[in-house]
Amino acid sequence: MVKAKLTIIIPAYNEINTIQEIINKVSDLKILKQLIVVDDNSTDGTKEVILKNESKIDKIILHNKNKGKGAAIQSAQPNVSGEYVIIQDADLEYDPKDFYELLKKIEEDKKKKLCMVQEY
């Protein structure tokens with residue numbers, strides 16, 4: 001089995017308006033990847049959309065109660081197989097196409113550590 005270059009974790013809670021689009025965008029990336037989607041006990045139909053996309057997702061994790069984004073990420077961690085990991089919020093704030101440039105920068109100098117932080 002070939003190891004994924006990139007694991008993409010999508011934590012989702014009540015993202016019915018964007019979950020299908022983000023799954024499609026990540027699925028369409030031409031990167032050797034693993035996609036993990038964690039539904040944090042959504043009540044708006046998000047879980048059902050995720051389950052309908054089972055063929056595009058390597059691992060689906062369903063929480064039976066809302067635990068928060070951090071817990072969703074922690075639930076995904078034991079399943080990670082990629083060399084690198086990106087957390088992609090389900091709300092489309094970031095464009096998955098940016099992953100190409102991010103991976104390029106990482107590969108250019110593997111000794112450097114790269115971290116993207118969102119400021120509030």
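Biologist: In what sense do strand 1 and strand 2 pair, and over how many bridges?

Modeller: Please keep in mind that this is a predicted model, in which local features need pLDDT of at least 70 and side-chain atom pairs count only at pLDDT 80 or more, while totals for chains, interfaces and linings use all residues. Residues are numbered from 1 along each chain as its sequence is written, and side-chain values use heavy atoms, with hydrogens and water left out. Strands (E, at least two residues) and helices (H or I, at least four) are DSSP runs numbered from the N terminus, and two strands pair if DSSP finds at least two bridges between them. Strand 1 and strand 2 pair in the parallel sense, over seven bridges.

Biologist: Which residue in strand 2 does Ile-10 stand opposite?

Modeller: Strands of a sheet pair through backbone hydrogen bonds, either parallel or antiparallel. In this pairing, the residue in strand 2 that stands opposite Ile-10 is Val-37.

Biologist: Which strands does helix 3 touch where it packs on the sheet, and what angle does its direction make with that of strand 1?

Modeller: Contact means heavy atoms within 4.5 Å, and axes are lines fitted to C-alpha atoms, for helices over the stretch in contact, with angles running from 0 to 180 degrees between N-to-C directions. Helix 3 touches strand 1, strand 2, strand 3 and strand 4, and the angle between its direction and that of strand 1 is about 140°.

Biologist: In what order do the four strands lie in the open sheet?

Modeller: Strand 2 and strand 3 run parallel and are joined by four bridges, with Val-38 opposite Ile-61 in strand 3. The whole open sheet has parallel pairing, and its order is 3-2-1-4. Its edge strands, each pairing on one side only, are strand 3 and strand 4.

Biologist: What handedness does the unit of strand 2, helix 2 and strand 3 have?

Modeller: A crossover is right-handed if, with the strands pointing away from the viewer, the path from the first strand over the helix to the second runs clockwise. The β-α-β unit made by strand 2, helix 2 and strand 3 is right-handed.

Biologist: How many residues does the largest nonpolar core have?

Modeller: A nonpolar core is a set of buried Ala, Val, Leu, Ile, Met, Phe, Trp, Tyr and Cys residues joined through side-chain atoms within 4.5 Å, where buried means under 20% relative accessible area, exposed means over 50%, and partly exposed lies in between (1.4 Å probe, protein chains only). Those with the most contacts inside the largest core include Leu-6, Ile-50 and Phe-99, and the core has 22 residues. Apart from it lies another core, which has six residues, among them Ile-9 and Ile-36.

Biologist: Which residues of helix 3 are buried?

Modeller: The buried residues of helix 3 pack against strand 1, strand 2, strand 3 and strand 4. They are Ala-71, Ala-72, Ile-73 and Ala-76.

Biologist: What is the phi of Asn-41, and where is this residue found?

Modeller: Asn-41 is partly exposed, with a relative accessible area of 27%. Although Asn-41 is not a glycine, its phi is positive, at about 65°. It is found in the loop between strand 2 and helix 2.

Biologist: What pattern does the protein follow along the sequence?

Modeller: The protein has four helices and four strands. Read along the sequence, their pattern is β-α-β-α-β-α-β-α.
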